[in-house]
Amino acid sequence: MTRKRKTSARRSKKRQSATNGWLGLLLLIIAVCLGYEPANNALKSKGITIPLSATGKAQAETIQTTGDLELPAPLKNRPEKILKRRTYTVSYNKDLKVPNWVAWKLNRDRLVERESRTDKFLPDPDLPESEAVTTDDYKRSGWDRGHMCPAADNRWHWRAMQESFYMTNICPQHHNLNRGDWKELEDDCREWAEKEGRIYIACGPIFYKGKHRTIGREHKVAVPDAFFKVILCADSRPPRAIGFIYKNTAGNHPLDHYVNSVDQVERITGIDFFPALPDDIEMKVEAGYDLKQWR
């Protein structure tokens with residue numbers, strides 16, 4: 001009788017152990033499925049992408065970066081003061097009183113519209129008064145206060161919205177360009193960010209050789225001859241990039257009128273874009289463009 005009870009107890013323990021094993025395996029599978037996205041997002045924040053295969057399993061990283069993808073290389077041939085903001089980074093030129101470039105990452109989280117446009121242009125608090133352009137410098141100049149990083153890209157946070165109106169993020173821009181084709185490209189960028197999940201953008205003024213027109217009695221703000229914008233989608237398969245150049249004049253043209261490769265924009269501006277990419281990927285994505293891939 002005792003032997004039968006012991007045998008029955010052993011069988012019961014085996015059944016319980018097997019049940020616990022299957023339950024543990026099931027819980028592990030659920031944990032992996034639930035934990036993939038946060039883990040993947042954490043890696044993405046470091047510039048690393050883990051794509052999913054057709055079976056839903058994680059594959060190896062596709063791009064290992066050495067820094068923030070949107071930031072151009074340091075400039076050597078002009079004044080540069082780097083100013084970090086909540087959404088964007090600006091390279092400020094104290095001689096021209098405009099940015100050399102403004103760069104930022106745009107993702108779906110930043111497309112959420114929590115804040116209204118403020119329209120309150122402010123002198124940059126990180127600059128001395130002698131350098132800090134004010135909105136008075138634009139009065140009766142005939143030029144718009146043109147955003148480089150758009151206010152509409154900063155509606156996700158009140159601080160981001162406020163900082164988008166710092167005058168270090170602003171350039172004298174033709175009214176027709178500011179409210180027309182330049183704005184349409186800004187709208188396109190938000191659509192691309194929504195579609196792709198994340199893109200990297202850098203833009204700024206272009207000054208050709210010769211004397212530059214200025215506005216403002218106090219600070220002498222240089223008026224750009226043109227503007228550039230370069231965009232990288234590092235998470236597409238394969239990664240791709242594209243560039244645009246707009247003359248600072250009136251005009252109403254389709255997007256393909258302004259399109260260029262990133263290499264072409266680099267030659268015109270003297271700025272090295274997306275240096276944090278591995279060299280082989282940087283060379284490939286900057287050499288050409290296909291506007292159809294962005295539509």
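Select Asp 256. Leaving aside neighbours within four places in sequence, Asp 256 is in contact with Leu 291 and Arg 295. Contact means heavy atoms within 4.5 Å. Asp 256 sits in the loop between E10 and strand E11 (259-260). Helices (H or I, at least four residues) and strands (E, at least two) are DSSP runs, numbered from the N terminus. The relative accessible area of Asp 256 is 46%, which makes this residue partly exposed. The scale, with a 1.4 Å probe and protein chains only, is: buried under 20% relative accessible area, exposed over 50%, partly exposed in between.

Two notes before moving on. This is a predicted model, where local features need pLDDT of at least 70 and side-chain atom pairs count only at pLDDT 80 or more, while totals for chains, interfaces and linings use all residues. Residues are numbered from 1 along each chain as its sequence is written, and side-chain values use heavy atoms, with hydrogens and water left out.

**Stop: the largest nonpolar core**

Select Trp 104, Trp 192, Ile 199, Ile 231, Phe 244 and Tyr 246. Of the 46 residues in the largest nonpolar core, these six touch the most other members. A nonpolar core is a set of buried Ala, Val, Leu, Ile, Met, Phe, Trp, Tyr and Cys residues joined through side-chain atoms within 4.5 Å. Now color the elements that give two or more residues to this core: strands E2 (88-93), E3 (98-107), E5 (170-173), E6 (198-206), E9 (226-233) and E10 (240-247), plus helix H4 (181-196). Which element gives the most to this core? H4 does, with 5 residues. In soluble globular proteins, nonpolar side chains tend to be buried together.

Zoom in on Trp 104. Beyond four places in sequence, Trp 104 touches residues including Glu 70, Tyr 88, Met 148, Pro 150, Asp 153, Ile 199 and Cys 203. Another core, of 24 residues, lies apart from the largest one; Ala 202, Ile 206, Ala 226 and Leu 277 are among its members.

**Stop: Gln 173**

Go to strand E5 and pick Gln 173. Is Gln 173 buried or exposed? Gln 173 counts as buried because its relative accessibility is 0%. Show its contacts, skipping residues up to four places away in sequence: Trp 143, Asp 144, Gly 146, Met 148, Asn 178, Trp 182, Phe 227 and Asn 248.

**Stop: the second largest pocket**

Switch to a surface view. The second largest pocket holds about 370 Å³ of space. (On a 1 Å grid over the protein atoms alone, a pocket is an open set of points where a 1.4 Å probe fits, with protein on both sides within 12 Å along at least five of seven lines; lining residues have an atom within 4 Å of a point.) The volume is the space filled by probe spheres set on the points. Sixteen residues line this pocket, and Arg 117, His 147, Asn 178, Arg 179 and Glu 186 are the closest to its centre. Strand E4 (144-147), helix H3 (175-179) and H4 each give two or more residues to the lining. By class, the lining has 4 nonpolar, 3 polar and 9 charged residues. Here Ala, Val, Leu, Ile, Met, Phe, Trp, Tyr, Cys and Pro count as nonpolar, Asp, Glu, Lys and Arg as charged, and the others, Gly among them, as polar.

**Stop: backbone details**

Select Lys 97, in the loop between E2 and E3. Lys 97 has a positive phi of about 65° although it is not a glycine. At 13% relative accessibility, Lys 97 counts as buried.

Jump to Lys 220, in the loop between strands E7 (214-215) and E8 (221-222). Its phi is also positive, about 50°, and Lys 220 is not a glycine either. Lys 220 counts as partly exposed, at 46% relative accessibility.

Next, Pro 238, in the loop between E9 and E10. The peptide bond from Arg 237 to Pro 238 is cis, with omega near 0°.

**Stop: helices H5 and H6**

Select helix H5 (262-269). Its buried residues are Val 262, Val 265, Glu 266 and Thr 269. Seen down the axis of H5, they fall within an arc of 105°, so they line one face of the helix. The arc is that of the directions from the helix axis to the C-beta atoms. These residues pack against E6, E9, E10, E11 and H6. Gly 270 follows H5, with a positive phi near 75°.

End on helix H6 (residues 279-287), where Ile 281, Glu 282, Val 285 and Glu 286 are buried. They fall within an arc of 115° seen down the axis of H6, so they line one face. They pack against E9, E10 and H5. Turn to the face away from the buried side: Asp 279, Asp 280, Met 283, Lys 284 and Ala 287 are exposed there.
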